[in-house]
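Here are my notes from going through this model. Have a look at the structure first, then read on.

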Amino acid sequence: MKRLVPRTGVRWKIAMAIAAVGALIAVTLSLVVHNAARVSMLDNMRELQLDRLTLAHRMSSSGKRPLLQAQINDPSLPASLRAEVRKGNKATHVEERPGRAPDVWAAMPTANGDVLSLHSRFAGRNATIMQDLDKALIVGSIAVVFGGCALGVLIGGQLSRRLRRAAAAAGKVAEGNTDVRVREAVGGVVRDETDDLARSIDALTDALNGRIEAERRVTADIAHELRTPVTGLLTAAELLPPGRPTELVLDRARAMRTLVEDVLEVARLDSASERAELQQIALGEFVSRRIAVLDPEVKVQVVHESWVSTDPRRLERILGNLLGNAAKHGSKPVEVTVEGRVVRVRDHGTGFPEELLREGPSRFRTGSSDRAGHGHGLGLTIAAGQARVLGARLTFRNAAGVRGGAIAVLWLPEHAPTNTGSFPMIMPPEE
């Protein structure tokens with residue numbers, strides 16, 4: 001079972017990363033500031049308590065009653081503070097209690113051996129200041145998180161747009177439009193890794209185009225050089241005396257000549273120099289007449305007639321190759337359906353192999369058991385190439401159900417490219 005993988009754009013990944021880092025920094029700094037402010041205020045309160053306790057001790061030494069809520073021998077004095085005072089030292093102590101404000105103690109010994117202490121709670125104005133500080137820290141942290149998220153969306157959006165442009169341009173290159181330059185499609189003034197990627201793709205495209213062009217030229221040159229000797233061989237074979245050996249030689253010579261012509265045609269189609277010579281034809285009538293000549297046993301059904309502007313010679317070539325493929329690799333009956341600008345060719349064999357459905361027609365694809373396992377694999381390749389010249393789309397699929405079979409569908413465009421490679425301009429009818 002295929003696992004579902006969530007897909008998130010680069011923009012939101014960068015935004016979430018910056019927001020997460022901003023939140024971590026904001027929380028850390030807030031805790032540090034909070035603790036530092038609290039410790040500082042407690043230290044100030046300790047010093048204030050000692051000053052107040054010293055004043056109270058002076059008052060008690062002069063015979064007056066200690067003021068400022070100072071206590072002598074307070075029974076609630078913490079034990080640790082009492083022990084420190086017994087040593088003859090002034091000391092302070094902060095007592096922390098869960099859910100309550102801290103208690104700040106200050107104590108010192110007197111001349112008669114008593115312990116003078118002062119106790120107050122860390123509340124009031126100090127607590128208000130800490131609450132205001134905490135609110136300011138929370139608001140600042142939220143602002144940092146949202147600001148970082150917005151900055152991440154802005155930065156990530158620019159990077160995401162550049163990557164999408166690069167992906168779109170690379171997709172056009174993969175479709176065969178080798179004139180597209182990924183670096184030009186990316187654009188922008190800032191130079192980053194996206195530019196390096198675009199330049200690498202352009203360099204790879206140029207290298208592949210060079211290799212493909214070299215292979216195409218070698219193939220075309222070989223096929224062209226073979227045409228003359230193969231023609232001579234066929235002519236010489238026709239002069240042999242009648243008999244079974246002569247028939248075998250003629251059959252192989254004709255097959256070789258057909259292969260050479262097909263290779264030359266594939267080379268011409270690969271060069272993208274072929275142009276359509278358009279004519280207005282009634283598609284259903286044209287298909288019916290041509291198929292009656294190519295294979296009278298094929299049943300043709302015209303569901304809806306339509307006039308199209310196309311190249312009859314190339315269209316006939318496509319139909320002939322599709323019928324030849326169906327007759328050679330499929331099973332009867334072979335059915336052709338014309339509906340508007342769509343032509344379907346179906347047989348009732350085992351269907352197209354998975355490789356062809358996944359990758360499309362491939363020249364010289366051979367095998368032992370699949371549908372494309374016999375011949376040279378040029379028939380469907382030529383049909384697909386001629387369809388591109390017509391500006392049409394040729395798709396392949398297998399029929400569902402018990403009857404099964406392979407279905408090739410030719411989608412003719414409303415306006416096919418002319419012999420100059422452009423599309424005809426349709427003028428509105430005069431009123």
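**Notes on the model**

1. Let's start with a glutamine: Gln386 has a relative accessible area of 3%, so it counts as buried, the cut-off being under 20%. Bear in mind that this is a predicted model. Gln386 sits in helix α10, residues 379-389. Leaving aside neighbours within four places in sequence, Gln386 is in contact with Glu265, Leu269, Arg314, Arg317 and Ile318.

2. Now the overall picture. The protein has ten helices and eleven strands. It has 431 residues, of which 35% count as buried. Take the contacts between residues at least 6 apart in sequence: 61% of them join residues at least 24 apart.

3. Helix α7 (residues 283-294) and helix α8 (residues 312-329) have axes that come within 10 Å and cross at roughly 50°. That angle makes α7 oblique to α8. As for handedness, the crossing of α7 and α8 is right-handed.

4. Which residues make the contact between α7 and α8? On the α7 side they are Leu283, Phe286, Val287, Arg290, Ile291 and Leu294. From α8 come Pro312, Leu315, Glu316, Leu319, Gly320 and Leu323. Sorted by class, the α7 contact with α8 has nine nonpolar residues, one polar and two charged.

5. Thr310 is a second polar side chain to check. Thr310 belongs to strand β7, residues 307-310. With a relative accessible area of 2%, Thr310 is buried. Not counting residues up to four places away in sequence, Thr310 touches Glu277, Leu278, Gln279, Ile281, Leu315, Leu390 and Leu412. One of these, Leu315, also takes part in the contact of α8 with α7.

6. On aromatics: how many aromatic pairs does a search of the whole structure find? The search finds one. Its partners are Phe352 and Phe396, with ring centres 5.3 Å apart and planes at 80°; planes over 60 degrees apart count as edge-to-face, so this pair is edge-to-face. The pair links distant parts of the chain, the two residues being 44 residues apart. Phe352 is in the loop between β9 (342-346) and α9 (354-359), while Phe396 is in strand β10, residues 393-398.

7. A backbone point: the peptide bond from Lys332 to Pro333 is cis, with omega near 0°. In general, most peptide bonds are trans. Pro333 lies in the loop between α8 and β8 (335-339).

8. Last, Ser120, which is found in strand β4, residues 115-121. At 16% relative accessibility, Ser120 counts as buried. Leaving aside neighbours within four places in sequence, Ser120 is in contact with Met45, Gln49, Pro102, Asp103 and Val104.

Notes:
Residues are numbered from 1 along each chain as its sequence is written. This is a predicted model: local features need pLDDT of at least 70, side-chain atom pairs count only at pLDDT 80 or more; totals for chains, interfaces and linings use all residues. Side-chain values use heavy atoms; hydrogens and water are left out. Axes are lines fitted to C-alpha atoms, for helices over the stretch in contact, and angles run from 0 to 180 degrees between N-to-C directions. Helices (H or I, at least four residues) and strands (E, at least two) are DSSP runs, numbered from the N terminus. Angles under 35 degrees count as roughly parallel, over 145 as roughly antiparallel, 65 to 115 as roughly perpendicular and the rest as oblique. A crossing is left-handed if the near helix is turned anticlockwise from the far one by less than a right angle, and right-handed if clockwise. Contact means heavy atoms within 4.5 Å. Ala, Val, Leu, Ile, Met, Phe, Trp, Tyr, Cys and Pro count as nonpolar, Asp, Glu, Lys and Arg as charged, and the others, Gly among them, as polar. Rings of Phe, Tyr and Trp (its six-membered ring) pair if their centres lie within 6.5 Å; planes under 30 degrees apart count as stacked, over 60 as edge-to-face and the rest as tilted. Buried means under 20% relative accessible area, exposed over 50%, partly exposed in between (1.4 Å probe, protein chains only).
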